[in-house]
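The entries follow the order in which I checked them.

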Amino acid sequence: MIIPVLVLFYPVISKFPMEKQEIKQSLDFIQENIQSDDGVYVYYGASHAFAFYEQTSRIGVIADYPIMHGKWHGLENAPYDREISDLRGRVWLLFSHVIQPADGESHERYMVDFLLRNGAELLAEQKFAGSSVYYLDAK
């Protein structure tokens, strides 16, 4: 009798521990690599999880750097042009819960491509389950 019960619960048990918004690995990556004069841009979709880590003092050294919080721009990509064109110098872009508009290009891909087309240099990129980080020099 125990074996059928274990077989039924295995899919549920194998998924633990679960992270609802998996940005912890991205935050750890940034903390391990952040340098003086770097900034951090937090995409709107990652803002709630980031705020949680910020309020519980779990963002570590990141708190000592300039942090720009992205705004909600709906399903449109173009409004992000104004928001991210203000980024200067070396900046970390943190993404989670990225919107995929009907036009096919996700906000994440659109924003990174926009910065690269406008002279930014990609210094590092790391993807994790549920989040991703880009390190750019937005000259």
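This is a predicted model: local features need pLDDT of at least 70, side-chain atom pairs count only at pLDDT 80 or more; totals for chains, interfaces and linings use all residues.

Residues are numbered from 1 along each chain as its sequence is written, and side-chain values use heavy atoms, with hydrogens and water left out.

Entry on ring pairs. I found 9 aromatic pairs in the structure, where rings of Phe, Tyr and Trp (its six-membered ring) pair if their centres lie within 6.5 Å, with planes under 30 degrees apart counted as stacked, over 60 as edge-to-face and the rest as tilted. Phe29 and Trp92 are edge-to-face, because their ring centres are 5.9 Å apart and their planes stand at 80 degrees. Phe29 belongs to helix α2 (residues 24-33) and Trp92 to strand β3 (residues 89-96), so this pair ties together parts 63 residues apart in sequence; helices (H or I, at least four residues) and strands (E, at least two) are DSSP runs, numbered from the N terminus. I noted both Phe29 and Trp92 as buried.

Entry on a second pair. Tyr43 and Phe95 form a tilted pair, at 5.3 Å centre to centre and 40 degrees between the planes. Tyr43 counts as buried because its relative accessibility is 1%, and Phe95 is buried at 0%.

Entry on the cluster. I traced ring pairs that link Phe29, Trp92, Phe128 and Tyr135.

Key:
Buried means under 20% relative accessible area, exposed over 50%, partly exposed in between (1.4 Å probe, protein chains only).
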